[in-house]
Amino acid sequence: MTRTLALSDVSIVRLAANLGVQPGTIHYHLGSRENLITAVMNRFYRAIIDKLEAGKVKPDWRDELRRYVTVWLEEKLIHPGVANYIASNDRFRVFQKPFDNEPDYGAMFMDRVFALLSSAGFTADDAAQCWHLLALYTNATAQTIAMKHAPAEHSEFLLSRARRFDKIAFPGLAFGLPALARLDVHRAFKRSFDNLVEGYAAQLGDRPRPAR
């Protein structure tokens, strides 16, 4: 359901209708809507953990962090309802309330990211900042794509504005709007990630790698 609905809009009644069962059946197994939300969020993070475990570990911490973040973004793109929920709610954004002895997969994912940054030589403060920025980057990118707010979705409009405004009165728009109209948000995300990580790498004394 989170492929098409914001998680905040998912209810036990709606889930029951989607599954073709009575709401009482969902209540019996999950108990409350809060349990439903944390169960969905835990499944979201479990999918991330499963993909990470199925993939090949990269020896360079920058490549390994890129692998983590790529999977993180992919899952948010698959489930835009989760990305929207994370952006607008405080509970269960990472830490879950699992039941039936299920692990807290959100905690497991955050632990992996922080452990990777720690092993790379990050200070705790830099690791916290890096996590925060990567969470913002992945969520904002997923929301932009899901809500069709990417500039390329409105390229005709942007180009019409570029033609309309006088180049002398609005030199900045004449300069920037055509490029904005053809912006690839996936490439923009990759570049922002590369710039962020290479900046931290420079602080750690790692030699910057050539762009690929």
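This is a predicted model: local features need pLDDT of at least 70, side-chain atom pairs count only at pLDDT 80 or more; totals for chains, interfaces and linings use all residues.
**Exercise 1. Is R62 buried or exposed?**

Residues are numbered from 1 along each chain as its sequence is written, and side-chain values use heavy atoms, leaving out hydrogens and water.

*Solution.* 
- Step 1: find R62 in helix α4. Helices are DSSP runs of H or I with at least four residues, numbered from the N terminus.
- Step 2: recall the cut-offs: buried is under 20% relative accessible area, exposed is over 50%, and partly exposed is in between (1.4 Å probe, protein chains only).
- Step 3: R62 has 5% relative accessibility, so R62 is buried.
- Step 4: look for a partner. The R62 side chain makes a polar contact with the side chain of E198, at 3.2 Å. Such a contact is a pair of N or O atoms within 3.5 Å; within protein, one must be able to donate a hydrogen and the other to accept it, and residues adjacent in sequence count only if both atoms are side-chain atoms.

**Exercise 2. Describe how the axes of α4 and α5 cross.**

*Solution.* 
- Step 1: take α4 (residues 61–78) and α5 (residues 80–88); their axes come within 4 Å and cross at roughly 105°. Axes are lines fitted to C-alpha atoms, for helices over the stretch in contact, with angles from 0 to 180 degrees between N-to-C directions.
- Step 2: the two helices are therefore roughly perpendicular, a label for angles of 65 to 115 degrees.

**Exercise 3. Classify the ring pair of W72 and F109.**

*Solution.* 
- Step 1: rings of Phe, Tyr and Trp (its six-membered ring) pair if their centres lie within 6.5 Å; planes under 30 degrees apart are stacked, over 60 edge-to-face, and the rest tilted. The structure holds 10 aromatic pairs.
- Step 2: the centres of W72 and F109 are 5.1 Å apart and the planes stand at 70°, so this pair is edge-to-face.
- Step 3: W72 sits in α4 and F109 in α6 (residues 105–120), so the pair ties together parts 37 residues apart in sequence.
- Step 4: both W72 and F109 are buried.

Terms used:
Angles under 35 degrees count as roughly parallel, over 145 as roughly antiparallel, 65 to 115 as roughly perpendicular and the rest as oblique.
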